[in-house]
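Please open the model in your viewer and keep the selection tool at hand. The stops below each begin with something to select.

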Amino acid sequence: MKSKMSECIFCKIAKGEIPADFVYRDETVFVIRDITPQAPAHFLVIPTRHVASAAEVADLAIWAAVMGRATEVARSLGFTDGYRMVINTGVQSGQTVPHLHLHLLSGRVFGWPPG
Ligand code: AMP
Ligand code: ZN
């Protein structure tokens with residue numbers, strides 16, 4: 001999945017060119033509220049550096065930053081009844097933004113198998 005970084009919506013959010021509701025930010029990762037929430041709590045955990053999808057990750061430290069931050073946010077927000085983490089990867093998965101992001105969803109019961 002190719003994209004021009006200059007046009008990438010999550011790169012623009014990282015640079016402050018588009019507003020977003022930040023709940024966490026450091027130099028490697030940031031967490032924002034999803035603009036179209038699919039659950040009472042729906043956050044996106046996004047690496048600051050542009051990586052098009054999970055399939056494109058070369059530096060495995062990105063996984064430590066993204067997965068580690070997702071579970072830390074879940075802990076700090078008290079998602080004690082559970083949560084779901086989703087990483088859509090590529091066209092058939094439903095990925096619409098070609099910059100790696102992890103969906104962190106909570107606050108309702110989730111079905112399985114996923115749609
Ligand atoms: P995906 O379909 O897995 O690529 O997920 C992309 C997600 O980004 C969707 O859930 C969108 O609602 C969300 N999204 C798109 N634009 C924005 C934005 N400006 N701020 C916050 N979330 C966004
Ligand atoms: Zn990007």
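The tour goes from a helix to salt bridges, then to a surface patch and a few single sites.

This is a predicted model, in which local features need pLDDT of at least 70 and side-chain atom pairs count only at pLDDT 80 or more, while totals for chains, interfaces and linings use all residues. Residues are numbered from 1 along each chain as its sequence is written, chains are lettered from A and ligands numbered from 1 in the order in which they are written, and side-chain values use heavy atoms, with hydrogens and water left out.

**Helix α2**

Select residues 61–76, which form helix α2, 16 residues that reach 22 Å from first to last C-alpha, close to the 22 Å expected at 1.5 Å a residue; helices are DSSP runs of H or I with at least four residues, strands are runs of E with at least two, and both are numbered from the N terminus, while the expected span is 1.5 Å times one less than the number of residues. Within α2, colour I62, V66, A70, V73 and A74, which are buried (buried means under 20% relative accessible area, exposed over 50%, partly exposed in between, with a 1.4 Å probe and protein chains only). They cover an arc of only 105° around the axis, and therefore sit on the same side of α2, the arc being that of the directions from the helix axis to the C-beta atoms. On the other side of α2, A64, R75 and S76 are exposed.

**Salt bridges**

Because R75 and E72 are three residues apart in helix α2, about one helical turn separates them.

Next select R33 and D21, whose side chains form a salt bridge at 3.2 Å, N to O. R33 lies in strand β2 and D21 in the loop between α1 (9–15) and β1, so the pair ties together parts twelve residues apart in sequence.

**Surface patch**

Which residues make the nonpolar surface patch of about 230 Å²? Select M67, Y83 and M85 to show it; Y83 lies in strand β4 (residues 83–86).

**Single sites**

Move to W112 and P113, which are joined by a cis peptide bond with omega about 5°; P113 is in the segment after β5 (102–106). Finally, select E27, in the loop between β1 (22–25) and β2 (29–33), which is exposed with a relative accessible area of 68%.

Definitions and conventions:
Patch = residues over 30% accessible without salt bridge, like charges linked within 9 Å, V, L, I, M, F, W, Y side chains within 5 Å. Areas by Shrake-Rupley, 256 points an atom, 1.4 Å probe, with all protein chains shown as cover. Salt bridge = Lys/Arg side-chain N within 4 Å of Asp/Glu carboxyl O.
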